Amino acid sequence: MRVLVIDVGGTHIKVAGSWDRVTHRIPSGPTMTAADMARGVLALTTDWDFEAISLGYPGPVKDNRPFREPVNIAGGWTTFDFQKAFAKPVKVINDAAMQALGSYAGGRMLFLGLGTGLGTAIIDNWHVEPLEIAHLPYRKDQSYEDYLGDAGLARLGDERWEKHVHKVCDLFRAALLCDGIVLGGGNARKLVNLPDAATRGANENAIQGGVRLWERPAESTPREFTDAKAAPLASDTDDAPVVARERTRQSSAKLPAKTAVKTAGKTAVKSPVTSRTRKVTKKVPTRRKP
């Protein structure tokens, strides 16, 4: 499949095709709307031949559309009809998650995009989980993004900014129990030394992530990008995971009957569902003395 990948950023929109992976840049900035982006991409790709589109969006995504307006560019994204504008099938994903998907090689991986803002996502066994932790408070009433984004780099300078990158990576890796971290985004190349368990990712990995969105689900597409209506139940396939089949059998099986355990003068009724024991005391008749 020939896939057009669009990676929307605060400074540039990066556009590439799956057939050659050559990145083309369109200026963005704080005044760019969703309609501006669509017009720019359509003008660039007039004579390009592609079947589907992957769109990396700098913000949360829900139900295949932007969930909130972006922070670093203009609005109009949450109500924009991308599929109508491009006349092609479109899959929308958080931009950090798209680059994370293209960088993923196994294990539990945290991705941090060091760019205009701070993109965050985690992948565990091909399950992609975009995160919105960049706007949580970090220090002095400022967020993680305020320190690690472009504004923090300009305010702190390269050396102090790098110290905070190391500190935040250590915090996130410990809190999220990650095997490793991939640092992407344009500012990742400014790091002189990398944090522990971190590697530097290439921006081109976003293109690979966009292509992977359209690959066969059995190979690399995470669960949330599978069409739930079209996909068969895991328990109905021959190659379904053993855990999934076992859960199905357990849910369809009848619950066993309650068991009674006799003790001296008492009967304990044990429920297999709650594993609690209810004591029932029997009255034992006493003999009268003659």
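A residue is called buried when its relative accessible area is under 20%, exposed when over 50%, and partly exposed in between, using a 1.4 Å probe and protein chains only. You will find serine 18 in the loop between β2 (12–17) and β3 (24–27). Setting aside residues up to four places away in sequence, serine 18 touches Met1, Arg2, Val3 and Val211, where a contact means heavy atoms within 4.5 Å.

Before going further, please note that this is a predicted model, in which local features need pLDDT of at least 70 and side-chain atom pairs count only at pLDDT 80 or more, while totals for chains, interfaces and linings use all residues. Residues are numbered from 1 along each chain as its sequence is written, and side-chain values use heavy atoms, with hydrogens and water left out.

Now for the overall picture. The chain has 8 helices and 17 strands; these are DSSP runs numbered from the N terminus, with helices (H or I) of at least four residues and strands (E) of at least two. Of the 290 residues in the chain, 40% are buried. Among contacts between residues at least 6 apart in sequence, 55% join residues at least 24 apart.

Let us step inside. In soluble globular proteins, nonpolar side chains tend to be buried together. A nonpolar core is a set of buried Ala, Val, Leu, Ile, Met, Phe, Trp, Tyr and Cys residues joined through side-chain atoms within 4.5 Å. The largest one here has 25 residues, and those with the most contacts inside it are Leu112, Leu114, Leu148, Trp161 and Leu183. Elements giving two or more residues to this core include β8 (108–114), α5 (150–156) and α6 (158–176). The largest share, 5 residues, comes from α6. A second, separate core of 22 residues includes Leu4, Val8, Phe50 and Ile53.

Leaving aside neighbours within four places in sequence, its contacts include Leu114, Leu148, Gly152 and Leu191. Glycine 152, in turn, sits in helix α5 and counts as buried, at 0% relative accessibility. Besides Trp161, glycine 152 touches Asp146, Tyr147 and Gly157, not counting residues up to four places away in sequence.

Which helix has 9 of its 9 residues buried? That is α3 (residues 95–103), so this helix is largely enclosed by the rest of the structure. Asparagine 94 caps the N-terminal end of α3, with a side-chain oxygen 3.0 Å from the backbone nitrogen of alanine 96. Helix α7 (residues 205–212) is also largely enclosed by the rest of the structure, because 6 of its 8 residues are buried. The buried residues of α7 pack against β1, β2, β4 (52–57) and α3, and Val211, the residue that serine 18 touches, is one of those buried in α7.

Finally, look for the largest pocket. On a 1 Å grid over the protein atoms alone, a pocket is an open set of points where a 1.4 Å probe fits, with protein on both sides within 12 Å along at least five of seven lines, and lining residues have an atom within 4 Å of a point. The largest pocket has a volume of about 870 Å³, meaning the space filled by probe spheres set on the points, which are joined across faces, edges and corners. Its lining has 42 residues, with Gly9, Asp95, Gly115, Thr116 and Gly117 nearest the centre. Elements that each supply at least two lining residues include β1 (3–8), α3 and β8.

Methods: Polar contact = N/O pair within 3.5 Å; in protein donor to acceptor, adjacent residues only side chain to side chain.
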